[in-house]
Amino acid sequence: MISFVWAGKDPFWAGRGGSENYTAGQVRELMRRGIPTRIITVGFGENDGRDGFPDIAFKSIKTQDELRNLDDILVGVTYPIAVPTRRQAYVILHCPLNSSLGRDPLFNLEAVSHARMLAASRFAAKMWATTMHMRPGKIPAVYPFAETVFSQVQRPANTSKKVRILFGSRLTVDKGIYTLLAALHMPSMADIEYEITTTTAASNTGQGPVIRKLLEVHPLIKMVEARRSPKEMAKLMAEHDILVMPSSDIYWKEIFGIVSVEAQHAGCRVVASNAGGIPETDCGGLVLVKPDDPQALANGLARAAYLGPLTAAERMYATSKFTVGASVDKLLAIMAADERRQPLLQKQGTLVRQQLDFAINTISELGLRVAGDKQPS
């Protein structure tokens, strides 16, 4: 049994963010392969978000201490498992340092040092390796993926003749919504006939309510309800030509940027900040711009509008990148290698102990002989 352990501040809500989508997608793929898999939530009871994932098995526990006696292969999601476990434990570090390390009381740095650390991108792996004083390459990257519905969704014809732009991120400062609003006033945008759609994602938390009010009265922006499933999100992306990701490099280090991959699989051109792990999401349809720069973002949107959505050939190439199968293959390969190494490490440990015992006995015997030689006859 592989169990993904969710011990965050909020329940495992559907449609909330990349960590939830990443985890649910991996669980589903493992289940498709006949591997028993579930999500264990800590501290939420049955109101842990399971209603949004009727096809996935959930188990609720009160504290992480209950994980000690499980024979599962445990994978912490974002937060490490802070108790000893029977098997090798893992943690997939989805979040950047500025939100996980030093500011978050739930983040146990000592626990992370004992787990097998995995990252969602090479950028994240390097960042964590530097922080943990580990060798480069010690932390493998298990990439996120786009669900197959994104590559299969049908794209409706554009009857409006306007360039359809989608801001598909959460309504938070770190996702660059204010950079986008400023970009709309740059000269580059004056030559484009466009319409912009945003969703209500995260509009009920943090600065979301304020940002939502701004967008609801903005004459160039249409707001729609947040999508709660990959199928719904794929359909929304397919109705647009460009997905814009103006993620900030000041407030947030984007670990990967899964919506970039999903949008390219759905046939969108993507305009995104050249920051964090976003450059690694290139499936052939990515236009990178300087982060936190409205003029650069406007120029990038103008370029993407000129190029248009992905052609059939470009989309076919894009969909071969970052698949759920490849992601799970990598995860299972790491686990299998660790399982093979464990008996070897135990054998090596036994051999080392035997050699140490032999050395101690030899030294003791030598000491006795030396002492005996010094005794008078």
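**Reading ties, burial and helices**

Q: Which residue forms a salt bridge with Asp329, and how far apart are the closest N and O atoms?

A: Side chains of opposite charge can pair when their charged atoms come close. A salt bridge here is a side-chain nitrogen of Lys or Arg within 4 Å of a carboxyl oxygen of Asp or Glu. Asp329 pairs with Arg33, and their closest N and O atoms are 2.7 Å apart. Asp329 sits in helix α13 (residues 324-374) and Arg33 in the loop between α1 (18-32) and β2 (37-42), so this pair ties together parts that are 296 residues apart in sequence. Helices (H or I, at least four residues) and strands (E, at least two) are DSSP runs, numbered from the N terminus.

Q: What kind of model is this, and how are its residues numbered?

A: It is a predicted model, in which local features need pLDDT of at least 70 and side-chain atom pairs count only at pLDDT 80 or more, while totals for chains, interfaces and linings use all residues. Residues are numbered from 1 along each chain as its sequence is written, and side-chain values use heavy atoms, with hydrogens and water left out.

Q: How many helices and strands are in the protein chain, and how many salt bridges are found in the whole structure?

A: The protein chain has 13 helices and twelve strands. Across the whole structure, a search finds 19 salt bridges.

Q: Which side chain meets Asp241 in a salt bridge?

A: That of Arg164, with an N to O distance of 2.9 Å. Asp241 lies in the loop between α9 (230-238) and β10, and Arg164 in strand β7, so they link parts 77 residues apart in sequence. Asp241 is buried, at 7% relative accessible area, and Arg164 counts as buried at 7% as well.

Q: What does Lys175 form a salt bridge with?

A: Its partner is Glu254, the closest N and O atoms being 2.9 Å apart. Lys175 is in the loop between β7 and α6, and Glu254 in the loop between β10 and α10, so the pair ties together parts that are 79 residues apart in sequence. Lys175 is buried at 8%, and Glu254 counts as buried at 8%. Elsewhere, salt bridges that share partners join Glu29, Arg32, Arg33 and Asp329 into one network.

Q: Which residues is Ser247 in contact with?

A: Contact means heavy atoms within 4.5 Å. Leaving aside neighbours within four places in sequence, Ser247 is in contact with Asp174, Lys175, Gly176, Glu254, Ser273, Ile278 and Pro291. Ser247 lies in the loop between β10 and α10 and counts as buried, at 1% relative accessibility.

Q: How many residues of helix α10 are buried?

A: Eight of its eight residues (258-265) are buried, so α10 is largely enclosed by the rest of the structure. Glu262 and His265 are among them. Just after α10, Gly267 takes a positive phi of about 95°.

Q: How many residues has α11, and what is its reach from first C-alpha to last?

A: The expected span of a helix is 1.5 Å times one less than its number of residues. α11 (residues 294-307) has 14 residues and reaches 20 Å, close to the 20 Å expected. At its start, a side-chain oxygen of Asp293 comes to within 3.1 Å of the backbone nitrogen of Gln295. Gly308, with a positive phi near 80°, follows α11.

Q: Which residues of α11 are buried, and what covers them?

A: Ala296, Leu297, Ala298, Gly300, Leu301 and Ala304 are buried. Their cover includes β7 (163-167), α6 (177-183) and β11 (269-273). Take Leu301: it is buried at 1% relative accessibility. Not counting residues up to four places away in sequence, Leu301 touches Ile165, Leu180, Met189, Ile192, Ile242, Val244 and Val271.

Q: What share of the 377 residues of the protein chain is buried?

A: Of those 377 residues, 50% count as buried. Among contacts with a separation of 6 or more, 69% join residues 24 or more positions apart.

Key: Buried < 20%, exposed > 50% of the residue type's maximum accessible area, 1.4 Å probe, protein only. Polar contact = N/O pair within 3.5 Å; in protein donor to acceptor, adjacent residues only side chain to side chain.
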